[in-house]
Amino acid sequence: MERKNDLYIRDKDIGQYLNEQGFRHALSGRQYIFEAIRLCMEEPRYRLQVVNIYKIIAQRSEVTYASVERCIRHSLQAAGIRETNKEFIARSVDFFLDRFD
């Protein structure tokens, strides 16, 4: 039960963080970034395995992992973020792990 509350708070905080970073809700990459951050928080070993993250998200979303990568990259560009997908996801996860742990 306590774990569910933690995840609820983290979901809300992740959404707020993405808003503050300039990600528009209309971009599918935003949802994929959200899922990637959650996956890495639940299983930190994924943080350095972005291809595995893409594959998991793709399977859940019924799209290709290349599509997930492309949508995330497009969302980063649209938000004016000049990091690679992997760098942004890792930095975001570090932000939340430092904040919640």
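Six residues of helix H4 are named here for their burial: Ser 67, Val 68, Cys 71, Ile 72, Ser 75 and Leu 76 are the buried residues of H4. The model is predicted, and H4, which covers residues 65–78, has the highest mean pLDDT among the elements of the chain, at 97. The length of H4 can be checked against its residue count. After H4 comes Gly 80, which has a positive phi, near 75°.

The chain as a whole has five helices and zero strands, and its elements run α-α-α-α-α from the N terminus on. Of its 101 residues, 43% are buried. The accessible surface of the chain is about 6,200 Å², and carbon and sulfur atoms account for 48% of that surface. Taking contacts between residues at least 6 apart in sequence, 58% join residues at least 24 apart.

Aromatic rings form another part of the picture. The structure holds five aromatic pairs. Tyr 17 has a relative accessible area of 5%, under the 20% cut-off, so Tyr 17 is buried. Phe 96 is buried too, at 0% relative accessibility. Both residues belong to one aromatic cluster, together with Phe 23, Phe 88 and Phe 95.

| Charged residue | Ring | Distance from charged end to ring centre |
|---|---|---|
| Arg 45 | Tyr 46 | 4.7 Å |
| Lys 55 | Tyr 65 | 5.6 Å |

How far can the model be trusted along the chain? The mean pLDDT of the chain is 89, and 89% of its residues reach 70 or more. H1 has the lowest mean pLDDT among the elements, at 76. Over residues 1–5, pLDDT stays under 50, and the model has two contacts beyond four places in sequence for this stretch. Where pLDDT is low, predicted coordinates should not be read in detail.

Key
Residues numbered from 1 in each chain as written. Predicted model: local features only at pLDDT ≥ 70, side-chain atom pairs only at ≥ 80, totals over all residues. Heavy atoms only, no water. Phe/Tyr/Trp six-rings, centres within 6.5 Å; stacked < 30°, edge-to-face > 60°. Buried < 20%, exposed > 50% of the residue type's maximum accessible area, 1.4 Å probe, protein only. Lys NZ or Arg CZ within 6 Å of the ring centre and 35° of its normal. pLDDT = per-residue confidence, 0-100. Helix = DSSP H or I, 4+ residues; strand = E, 2+ residues; numbered from the N terminus. Contact = heavy atoms within 4.5 Å. Areas by Shrake-Rupley, 256 points an atom, 1.4 Å probe, with all protein chains shown as cover.
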